[in-house]
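Welcome! Take a moment to look over the sequence and turn the model around before reading on. The notes below will walk you through some strands and helices.

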Amino acid sequence: MIASSETLAAGAAGEFRRRRRFASPAIEELREQAFERFSAEGWPAPGNEAWRHTNVASIVGHPFRSADGGPPPAVPPALEALVRSAGEHPRLVFADGRYVPGLSRPDLAREIGFSPLREASARSPEKIADLLARRLPGESAFTLLNTAHLTDGAVIDVPDGVALREPLHLLYFASGNGDAPAVFPRNLIRLGRNAGATVLLHWAGRGRSLTAPVTQVFLGENSALEIVKFQRQADEAFHVSTLDVEQARSSRFVAHLFSMGGAAVRDETHVRLAGEGADCLLNGLFLTDGDQHADLVAVVDHLRPHGTSRQTYRGILDGRSRGSFTGRVIVREGAQKTDAQQSNKNLLLSREALVNSTPQLEIRANDVKCKHGSTTGQIDADALFYLRSRGLSAEAARSLLTYAFASELVLRVPAAIRGAVDRALHERLPHAPSIFEIAK
């Protein structure tokens, strides 16, 4: 049982050490080191600037059941329905962090390494341990816990010169059965030289849970990866996610991040353009309502010359919800000819909603093009009046304008995945059926 920070910090270290999960001594050592560091450092302190907008106490104050022991959970009908609606793409399915082979189809991606982390670590323990050992620049209490409680996840290893035609689907489901589960999935994605892939990271579930995934991405020279991260967990759920990307020369990374569920959500993205001419595009959208909270963090680090990055983040907030965006672009000394842009726009649908926006530039080179901007506002009154004059109700007009605000990012999603994201967006808006017909 993960009851609180005190339980872990007091640390039944002996008990922790007895719970070995991997045959690899190197991986077990990494887990133990992470546990000891978390026990020593604890949760982010109240004065920690990086966590200023995330109320950690609201997350760790709940008792969670560690989901890494005991028999696999029963597969809920809701998960089976999700799998049926997802199509026949190659996929790995996890329930409460445990691999569900009966619903997975890794065999559809025969030309690459596509398997659960446990299976991959059994085949190549040293290789997996080496990737897991890479220090995460955005390391936090949650990433340390992810390593310490490492149970399973996904490994995608695309060889040199292989470009996948179909997207790979990773589906994680929190069952909501019994006590609130805490799961810590770990995904390792590596693309070789001149390789290409599209990956859907899909988070769903029921009831209260804590999900703290870490996804590490390593892009080889001239490779291209597009990720769609779609989170629609239950309104009682907590989700703290870290996406860490390292790009080699002339590689391209594109991410579409959609957050539409959860009581408290934090999405961190860290990208290092470590090779000359690397290109990065980040799109992010969150929708909150009621008392929900969403916190988006993006750090793009230009280490080499001729790098390009674009960030477009948007938030839509209703009710008494809270949100924040913290974006940082770093241009290191010597990273000349960097071209970086960052944009954050937020739409407030109620007087009680609140959003904080903190775009930042840190430039140490002298021949660069960098700019950022942030706006926060309400629905345009003139546009609302126009739509009402065309016969739409006030609510339908508001929903249509809200959809238009968000749809620019949805339309950037690869066509093979876009439909599911678009349907979820419509379902979050009032008067969805009528809006869907109008939008066709």
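How many bridges join strand β4 to β5, and in which sense do the two run? Four bridges join strand β4 (residues 113-116) to β5, and the two strands run antiparallel. Keep in mind as you read that this is a predicted model. The points below go strand by strand, then turn to the helices.

**The ten-stranded sheet**

- Now look for an open sheet of ten strands with mixed pairing. Its order is β3-β2-β6-β9-β12-β14-β16-β18-β20-β22.
- Which strands are at the edges of this sheet? They are β3 and β22 (369-377), each of which pairs on one side only.

- Is strand β2 (residues 91-95) largely enclosed or open? Five of its five residues are buried, so β2 is largely enclosed by the rest of the structure.
- Both faces of β2 are covered, with Arg91, Val93 and Ala95 buried on one side and Leu92 and Phe94 buried on the other.
- β2 pairs with strand β6 (residues 168-174) in the parallel sense, over five bridges. One landmark here is arginine 91, whose bridge partner in β6 is histidine 169.
- With strand β3 (residues 98-99), β2 pairs in the antiparallel sense over two bridges. Here alanine 95 stands opposite arginine 98.
- β2 and β3 form a hairpin with two residues between the strands. In this hairpin, aspartate 96 takes a positive phi near 50°.

**Strands β12 and β14, and arginine 232**

- Further along the sheet, strand β12 (residues 224-232) and strand β14 (residues 252-259) run parallel and are joined by eight bridges.
- A handy pair to spot is phenylalanine 230, which stands opposite phenylalanine 258 in β14.
- Arginine 232 also belongs to β12. Is arginine 232 buried, partly exposed or exposed? Its relative accessibility is 28%, so arginine 232 counts as partly exposed.
- Between arginine 232 and phenylalanine 258 there are 8.4 Å from C-alpha to C-alpha, although they are 26 residues apart in sequence.
- Leaving aside neighbours within four places in sequence, the contacts of arginine 232 include Trp203, Met260, Ala424 and Glu427.

**Helices that lie on the sheet**

- Helix α10 (residues 394-410) lies across β14, β16 (279-288), β18 (308-317) and β20 (339-348). It runs at about 150° to β18.
- Helix α11 (residues 415-428) packs on the sheet as well, touching β9 (196-205), β12, β14 and β16. The direction of α11 makes about 30° with that of β12.

**Helices that meet other helices**

- Helix α9 (residues 381-389) and α10 have axes that come within 9 Å and cross at roughly 125°. These two helices are therefore oblique to each other, and their crossing is right-handed.
- Where α9 and α10 meet, Ala383, Leu384, Leu387 and Arg388 come from α9, while Ala394, Ala397, Arg398, Leu400 and Leu401 come from α10. This contact has seven nonpolar, no polar and two charged residues.
- For another helix pair, find α3 (residues 25-41) and α7 (residues 125-132), with axes that come within 8 Å and cross at roughly 25°. That angle makes α3 roughly parallel to α7, and the crossing is left-handed.
- Ala26, Ile27 and Leu30 of α3 meet Pro125, Ile128, Ala129 and Leu132 of α7. By class, the contact of α3 with α7 has seven nonpolar, no polar and no charged residues.

Definitions and conventions
Residues are numbered from 1 along each chain as its sequence is written. This is a predicted model: local features need pLDDT of at least 70, side-chain atom pairs count only at pLDDT 80 or more; totals for chains, interfaces and linings use all residues. Side-chain values use heavy atoms; hydrogens and water are left out. Buried means under 20% relative accessible area, exposed over 50%, partly exposed in between (1.4 Å probe, protein chains only). Two strands pair if DSSP finds at least two bridges between them. Axes are lines fitted to C-alpha atoms, for helices over the stretch in contact, and angles run from 0 to 180 degrees between N-to-C directions. Angles under 35 degrees count as roughly parallel, over 145 as roughly antiparallel, 65 to 115 as roughly perpendicular and the rest as oblique. A crossing is left-handed if the near helix is turned anticlockwise from the far one by less than a right angle, and right-handed if clockwise. Contact means heavy atoms within 4.5 Å. Ala, Val, Leu, Ile, Met, Phe, Trp, Tyr, Cys and Pro count as nonpolar, Asp, Glu, Lys and Arg as charged, and the others, Gly among them, as polar.
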